[in-house]
Amino acid sequence: MTLLAELLSSQIVRTVLTGAAMLGAIAGMLGSFAVLRRQSLLGDALAHAALPGVCLGFLIAGGRDLGSIMAGAFFTGALAALVMMLITRATTLKTDAALGIVLSVFFAVGVVLLTHLQGMGGAASAGLSSFLFGQAAAILRSDLWMMGGVGLVALTLVLAFWKEIKLVSFDADFARAQGFPVTVLEAFLTVMVALAIVVGLQLVGVVLIVALLIAPAAAARQWTNSLGTMVVLSALIGAASGASGALISATTRGLATGPVVVLCASVAVLVSLMLAPGRGLIWQALAARRARAQIGERRILAAMQGLADAHDDARYPSEQGMLTAALGYAPDHQRFAALERRGLIRPVTHPPETTPHWELTPSGHHEAKATRADPRHRPEHPS
Amino acid sequence: MRDDTLHEPDQALHVEDLTVSYGETPALWDIDLDIPPGVMCAIVGPNGAGKSTLIKAALGLVRPIAGHVRFLGRPVNAMRGKIGYVPQRHSVDWDFPTCVRDVVEMGLYRALGWFRRPGRDARARAIAALAEVGMQDYADRQISQLSGGQQQRVFLARALVQDAPILILDEPLAGVDAATEAVIISLLKRLRDDGRTVIVVHHDLTTVQSYFDWLVMLNVRIIAQGPVAQVYTPENLRAAYGQHLAMIAVSSGASE
C-alpha cells in the first residue's frame with residue numbers, strides 16, 4: 001500500500017496511469033466491434049502503416065510536434081486502408097494477403113524513413129524510435145485531454161448509433177437491404193479504430209497496439225452472451241490492463257510500459273479462455289467429464305433394468321461381472337457410488353456369493369424407464 | 001434522380017435488361033423478369049446460375065452493369081420498408097453475442113428510425129413473430145445454441161416482424177429438417193393467401209410443383225418464367241439443367 005501511495009504521488013506516474021487506462025478503455029470498446037466483424041487484423045495493418053506517417057509528420061513539422069505526427073499517422077493509416085480495399089476489389093487476392101502486403105510495405109517504408117531521419121542526426125529524431133514500442137514517459141498532461149476527447153466522441157457515437165452498429169456488425173447484408181447506410185457505418189467504425197490507434201501510438205507503439213484492440217474484446221466475449229455487456233466489460237478489462245501495466249512498469253526501472261500493458265491484457269485473455277463459465281476450456285472439460293459420468297450411470301441403470309426384466313425380478317441382484325458383460329465394458333466403481341448416493345440403486349448381498357451386488361430402487365426403475373423412453377431427458381435427481 | 005412516375009406498377013417485381021458480372025464472367029445476362037403480386041414464386045436453376053445474385057441485385061446489394069429493377073413500380077430505395085429479406089443463414093456468424101429476440105427485433109430497426117431503441121412494443125411484436133414460426137419459447141436463448149432449422153426460423157421471424165407485402169428468401173429450406181420445412185412452407189403459403197408476394201430461391205426441383213404457383217427458371221439467362229404448370233416442362237428443365245437431371249425431376253414431378 002505504501003508502495004502504491006508512493007507511486008501515485010508522482011505526477012508522471014499519475015499521468016501515464018490515466019493515459020494507459022483511458023487508452024485501454026477506448027481500444028477495448030472499439031476493439032469489440034473490430035473483433036466481432038472479423039476485422040481485428042485491419043487494426044494491425046493500420047497501426048504498422050502509421051509509422052511512415054509519424055516520420056512524415058516529423059519531417060513536415062521539422063520537429064517532434066505531436067499534432068502533425070498524429071495527423072501524419074492518421075493519414076498513412078487511412079491510405080493503407082484504402083490501398084487494402086483497392087487490392088481486394090481489383091485483384092483476386094484475399095483479404096489476408098492484402099493485409100500482409102500493405103502492412104509490410106508501409107512498415108518497411110516507415111522503418112526506412114525512421115533510420116534515415118536518425119542518420120541525419122538531431123537530438124529530436126532520436127526519440128522517434130519510441131513510436132515503435134511506445135514510450136509512456138513521453139506522455140504529457142495535455143495529451144490526456146486529447147485521449148479523453150477521442151474517447152468521449154467514440155462513446156457518444158457508439159451510444160447514439162448503437163442499434164445500427166449492432167445490426168451492421170451482425171448482418172451487413174440485411175442492414176443494406178433495409179436501407180441503412182452500411183458503408184458509412186463501416187467506415188465510421190474503421191475511422192474510430194484508426195483514431196484509437198493514433199492516440200495510443202505514443203504509449204504502446206505501432207507494433208503492439210493491436211493487442212489492446214483484440215485482447216480485451218477476446219477476454220470479454222468469454223464471459224457474456226450480450227453485446228452490451230461485452231463492450232462494457234471489454235472497456236473495463238482494457239482500462240484495468242492499462243492501469244495495472246502502468247503501475248507495474250513504474251515499480252521497476254527499465255520496464256517499458258506499452259509491452260507490460262499488453263502482457264497484462266494477455267493475462268486477462270488467458271484467464272478468460274481457461275476459466276470463463278460456459279466457454280472456458282477448464283469449464284468445458286469439467287462439463288464434458290460430468291456428462292460422460294452421467295451417461296455412464298444411465299447405461300448402468302438401463303443394463304440393470306435389462307437384467308431385472310430378463311429374470312422377471314424387479315429386485316434382481318446384479319453383479320459387477322454380469323453388468324460388464326451386458327455393457328461391454330467394466331463400469332467405474334465411482335459410478336455405482338454416485339448412483340447409490342442418488343438413491344437409484346442399493347447394495348445387496350446374495351449369499352453364498354461374496355462379491356458386491358446391487359439392485360434397482362423404485363426411483364432407479366423410474367429413471368431407467370425415462371432414459372429408455374427418451375435418452376435426452378433430464379434426470380429428476382441429478383448428482 | 002426523382003422518380004415520381006410509376007414504372008410497371010402492376011408487377012410485384014419487375015426486372016429489365018439486368019446484367020451483373022463478377023470480374024469477367026457474367027453472373028446474370030440480360031435478365032427480363034416480371035413477378036405479379038400475390039404469388040408464391042420459386043427461382044430455380046443449377047449451382048452458379050445466379051439465383052442469389054439475382055435477388056441481391058434486385059435488392060441493390062450487388063451493383064449491376066446494366067438494367068433496372070422496380071418493386072410495385074418503384075425503385076428499391078423507395079421500397080426498403082416494404083420488402084422483407086431473409087438472407088442465407090450461413091451468411092452470418094451465429095456465435096455473435098446476442099439472443100433470439102434481439103435478432104428478430106433487428107427487423108424493426110428501420111421502422112424505429114435513428115436514435116430510438118426497441119422498447120416494449122418492439123419486444124411484443126418480436127415475440128409474436130417468433131410464435132408464428134413456433135419459436136416463442138426460444139426468445140431469450142443465445143443464438144449460438146440454435147440448430148440449423150431454428151436459425152432459419154429466427155431469420156424468417158426477423159422478416160415477418162416487418163409485416164412487409166413482399167418477402168424475398170434466399171435458400172430458406174437449405175439444410176433444414178422436414179418438420180422445419182413444413183412449418184416454413186405452410187407459413188409462406190398463408191402469407192401468399194393474405195395477398196403478399198413471396199419470392200424464394202429454391203434448390204429442390206421435386207417440391208416445386210407442390211409448394212409454388214409461379215416459377216422462374218434461371219441459368220445466367222432466364223430460361224422460362226410464368227405459372228408453374230406452364231414453366232415446369234421437360235424442355236425447360238433440359239435447357240436449364242441438362243439432359244440427365246431434367247429426367248429425374250420430371251419423372252418425380254409427373255406423379256403429382
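User: Let's start with the helices. Where do H3 and H11 of chain A stand relative to each other, and at what angle do they cross?

Analyst: Keep in mind that this is a predicted model. For a helix pair, look at how far apart the axes come and then at the crossing angle. Here the axes of helix H3 (residues 40-61) and helix H11 (residues 182-204), both in chain A, come within 10 Å, with a crossing of roughly 55 degrees. That angle makes H3(A) oblique to H11(A).

User: What is the handedness of that crossing, and which residues make the contact?

Analyst: The crossing of H3(A) and H11(A) is right-handed. On the H3(A) side, the contact is made by A:Leu42, A:Gly43, A:Leu46, A:Ala47, A:Ala50 and A:Val54. H11(A) brings in A:Thr190, A:Val193, A:Ala194, A:Ile197 and A:Leu201. Sorted by class, the contact has nine nonpolar residues, two polar ones and no charged ones.

User: And H8 of chain A with H11(A): at what angle do those two cross?

Analyst: Read that pair the same way. The axes of helix H8 (residues 141-160) of chain A and H11(A) come within 10 Å and cross at roughly 160 degrees. Angles over 145 count as roughly antiparallel, and H8(A) and H11(A) are therefore roughly antiparallel to each other. This crossing is left-handed.

User: How many bridges join E1(B) to E4(B), and which residue stands opposite B:Glu16?

Analyst: Strand E1 (residues 13-22) of chain B is joined to E4(B) by five bridges, running antiparallel. Opposite B:Glu16 you'll find B:His68 in E4(B).

User: What about the six-strand sheet: what is its order, and which strands are at the edges?

Analyst: That open sheet of chain B runs E5-E6-E7-E3-E8-E9, with mixed pairing. Strand E5 (83-86) and strand E9 (221-227) of chain B each have a single partner strand, so one side of each is left without a neighbour in the sheet. The twist averages 15 degrees from one strand to the next. At the E9(B) end, strand E8 (residues 214-219) of chain B pairs with E9(B) over six bridges in the antiparallel sense, and B:Leu215 stands opposite B:Gly226.

User: Last one: how much area do chain B and chain A bury between them?

Analyst: The size of an interface is often given as the accessible area lost when the parts come together. Here the two chains bury about 2,700 Å² between them, 61% of it on carbon and sulfur atoms. In chain B, B:Phe96, B:Pro97 and B:Trp114 lose the most area to chain A, together 25% of what that side buries. The contact takes 30 residues from chain B and 27 residues from chain A.

Methods:
Residues numbered from 1 in each chain as written. Chains lettered and ligands numbered in written order. Predicted model: local features only at pLDDT ≥ 70, side-chain atom pairs only at ≥ 80, totals over all residues. Heavy atoms only, no water. Pairing = 2+ DSSP bridges. Helix = DSSP H or I, 4+ residues; strand = E, 2+ residues; numbered from the N terminus. Axes fitted to C-alpha atoms, helices over the stretch in contact; angles between N-to-C directions. Parallel < 35°, antiparallel > 145°, perpendicular 65-115°, else oblique. Left-handed = near helix turned anticlockwise from the far one by under 90°. Contact = heavy atoms within 4.5 Å. Nonpolar A, V, L, I, M, F, W, Y, C, P; charged D, E, K, R; others polar. Buried area = accessible area lost by both parts, 1.4 Å probe.
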